[in-house]
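Me: I would like to go through this model term by term, asking each time what a word rests on. Please set each value against its definition before concluding.

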Amino acid sequence: LNTLYLVFWVLVITVGLGTLLAVLFDQEFPGRNIARLFAIAPFFVMPTVSALIWENLLMHPVNGLFAFFARSLGFQPIDFFGSMPLTSVIMIVAWQWLPFALLILLTAMQSLDNEQKEAARMDGAKPVSMFFFIILPHLSRAISVVIMIETICLLSVFAEIRVTTNGGPGLASTNLAYLIFQQALENYDVGLASAGGLIAVVLANIVAVFLVRAIAKNVAD
């Protein structure tokens, strides 16, 4: 359940924000190239380094940046990994994968015919209507590709959990990949780890078949 919860919310965050940022970065504004560079940069940071940055620089309940802002505003700092461990891992993983979604969706945005958008504007289409009836349908195939690739990769999230929470407190942030590691290399229960590995393989194949069929139908349409 933790595995599915993590995959679902990371997809919601990365696809949702990625789509909005792709629309934003497709517009002309001063410093657009630099903004694009900073937006895409997190994807090239190793997962272990990313987790360490979030754990020690941002989310630390005493010395973290978030704790500093909370104290400055008169609030009590939050112990992210103690009180909301899985949510904290989701935030870290989403930050890593958001640039990937942005890159794919921005590339798709740039292939949208400007004449089509200009014709819609001349017909009196508002920005919200253009987004839902022109931009979003155009991005549907790219969104499908992002969902497929991210889902398969997110099923095996490990480094972020190992560095920050070690699957705890208890099993609160343990996903399937980390559970297999725990059983095989910490508890020396190879049988249970093998069973978990079999479940992981079956789950990944079910997801892959479902998503490939959905994308193939989307492309055919």
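Me: What makes residues of helix 10 count as buried, and which ones are they?

Reply: In helix 10 (residues 176–186), the buried residues are Leu-176, Tyr-178, Phe-181, Gln-182 and Gln-183. Buried means under 20% relative accessible area, whereas exposed means over 50% and partly exposed lies in between (1.4 Å probe, protein chains only). The helix itself is a DSSP run (H or I, at least four residues; strands are E, at least two), numbered from the N terminus. Just after helix 10, Tyr-188 takes a positive phi of about 55 degrees.

Me: What kind of model do these values come from, and how are residues numbered?

Reply: This is a predicted model, in which local features need pLDDT of at least 70 and side-chain atom pairs count only at pLDDT 80 or more, while totals for chains, interfaces and linings use all residues. Residues are numbered from 1 along each chain as its sequence is written, and side-chain values use heavy atoms, with hydrogens and water left out.

Me: Why is Thr-3 called buried?

Reply: Thr-3 has 8% relative accessibility, and because the limit is under 20%, this residue counts as buried. Thr-3 is found in helix 1 and, leaving aside its neighbours within four places in sequence, is in contact (heavy atoms within 4.5 Å) with Leu-155, Asn-175 and Leu-176.

Me: How do you know that the buried residues of helix 3 lie on the same side?

Reply: The buried residues of helix 3 are Ser-50, Ala-51, Trp-54, Glu-55 and Leu-58. They cover an arc of only 130 degrees around the axis, judged by the directions from the helix axis to the C-beta atoms, which puts them on the same side of helix 3. An α-helix has 3.6 residues a turn, so residues three or four places apart point the same way. What covers these buried residues of helix 3 includes helix 4 (65–72), helix 5 (80–83), helix 6 (85–110) and helix 9 (159–164).

Me: What makes a set of residues a nonpolar core, and which have the most contacts inside the largest one?

Reply: A nonpolar core is a set of buried Ala, Val, Leu, Ile, Met, Phe, Trp, Tyr and Cys residues joined through side-chain atoms within 4.5 Å. The largest has 21 residues, and those with the most contacts inside it are Ala-22, Leu-102, Met-109, Ile-135 and Leu-139. Helix 1 (2–25), helix 6 and helix 8 (127–154) each supply at least two residues of this core, and helix 8 gives the most, with eight residues. A second, separate core of 20 residues includes Leu-86, Met-148, Tyr-178 and Phe-181.
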